[in-house]
Amino acid sequence: MLPGGVMLFFPIERMKRSCVWQEFFDGLQQAGVEELRGVLVSLAEPGYRAFAARLLPGVQRLLGVRIPVLRELARCLARAGWLRLETPPDAYVEEVMLRGFLIGYAGCEVGLGRRLEELEAFVPLVDNWSVCDSCCASLRFVRDCRAEVWDWVLPYVFSGCEFEARFGVVLLLDHFLQEEVWAARVAEVLPQVPARGFYAEMALAWCACELCLLYPAGAEGLLAALRPSVQRLARRKLRESRRWR
């Protein structure tokens, strides 16, 4: 229960249309981590948890809250002034994901330096592709400051840690390929990424695939520069995309 006696029995979309919405929003400003965990538990769906668990082998701490619901909750928290969600050692996947979303949805008064500090505390918590990819997609502020973020993200790109490398590569994929000058720099970097592990190599292949589709003139050169294991994955993704010639 949140301050004010508001219980979250139903999805956020219904709450926003209800008469208790303003009371709920006001309550978020005083809510703590335990109250927020209760909110997440109330929003969980056992059927969705079973579905998500099949996609995340080895992940145990999973409630089953849908990602669009988490995104909407994160936006509400951001509007209420939240920036950091402290995640306990027994954190659920949804709590870690919510922490990442908050960094992306924070108001414009939160500067780049503070956001990057929060990301530095967040990235070590990432241990699955769903949290990594969903949170990277929400970091749209990166597109307004690519030059500064480029230098910051490269140590992650070149990390030997599987999910640090995936985070770095997916951030490049989501926010640096839109402009050709930055896409060219990404294409130079990808063949040098040292990280092994399935999820790091899949991120490399995914990024290479998107580069090939967006800038086909340089596709064969990029593919040839990738190590064989990544090249095979990238060519497979290109075939599966059905957008490749």
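Read along the sequence, the chain runs α-α-α-α-α-α-α-α-α-α-α-α-α-α. That comes to 14 helices and 0 strands. Helices (H or I, at least four residues) and strands (E, at least two) are DSSP runs, numbered from the N terminus.

This is a predicted model: local features need pLDDT of at least 70, side-chain atom pairs count only at pLDDT 80 or more, and totals for chains, interfaces and linings use all residues. Residues are numbered from 1 along each chain as its sequence is written, and side-chain values use heavy atoms, with hydrogens and water left out.

**The chain as a whole**

The chain has 245 residues, and 53% of them count as buried. Buried means under 20% relative accessible area, exposed means over 50%, and partly exposed lies in between (1.4 Å probe, protein chains only). A contact means heavy atoms within 4.5 Å. Take the contacts in the chain with a separation of 6 or more: residues 24 or more positions apart account for 70% of them.

**Aromatic rings**

Rings of Phe, Tyr and Trp (its six-membered ring) pair if their centres lie within 6.5 Å; planes under 30 degrees apart count as stacked, over 60 as edge-to-face and the rest as tilted. By this rule there are 10 aromatic pairs. One of them joins W152 and F167. Their centres are 6.3 Å apart, with 85° between the planes, and the pair is edge-to-face. This pair links distant parts of the chain. W152 is in helix α9 (residues 146–157), F167 is in helix α10 (residues 162–175), and 15 residues separate them. Both W152 and F167 are buried.

Why is the pair of F176 and W182 edge-to-face? The ring centres of F176 and W182 are 5.5 Å apart and the planes stand at 75°, so the pair is edge-to-face. F176 is buried, at 0% relative accessible area. W182 is also buried, at 14%.

**Charges over rings**

A charge sits over a ring if NZ of Lys or CZ of Arg is within 6 Å of the ring centre and within 35 degrees of the ring normal. Two cases follow.

| Charged residue | Ring | Distance to ring centre |
|---|---|---|
| R61 | Y92 | 3.9 Å |
| R115 | F141 | 4.8 Å |

R99 lies in helix α6 (residues 93–105). What is the nearest side chain of opposite charge to R99? It is E86, 4.4 Å away. R99 is buried yet has no salt bridge. A salt bridge is a side-chain nitrogen of Lys or Arg within 4 Å of a carboxyl oxygen of Asp or Glu. Lys and Arg count as positive and Asp and Glu as negative; His and the chain ends are not counted. The side chain of R99 does make a polar contact with the side chain of T87, at 2.9 Å. Such a contact is a pair of N or O atoms within 3.5 Å; within protein, one must be able to donate a hydrogen and the other to accept it, and residues adjacent in sequence count only if both atoms are side-chain atoms. Not counting residues up to four places away in sequence, R99 touches residues including R84, L85, A121 and F122.

R146 is in helix α9. R146 is buried, with a relative accessible area of 9%. Leaving aside neighbours within four places in sequence, R146 is in contact with H175, F176, Q178, E179 and W182.

M202 lies in helix α12 (residues 198–214). At 14% relative accessibility, M202 counts as buried. M202 and W129 are 73 residues apart in sequence and 9.9 Å apart in space, C-alpha to C-alpha.
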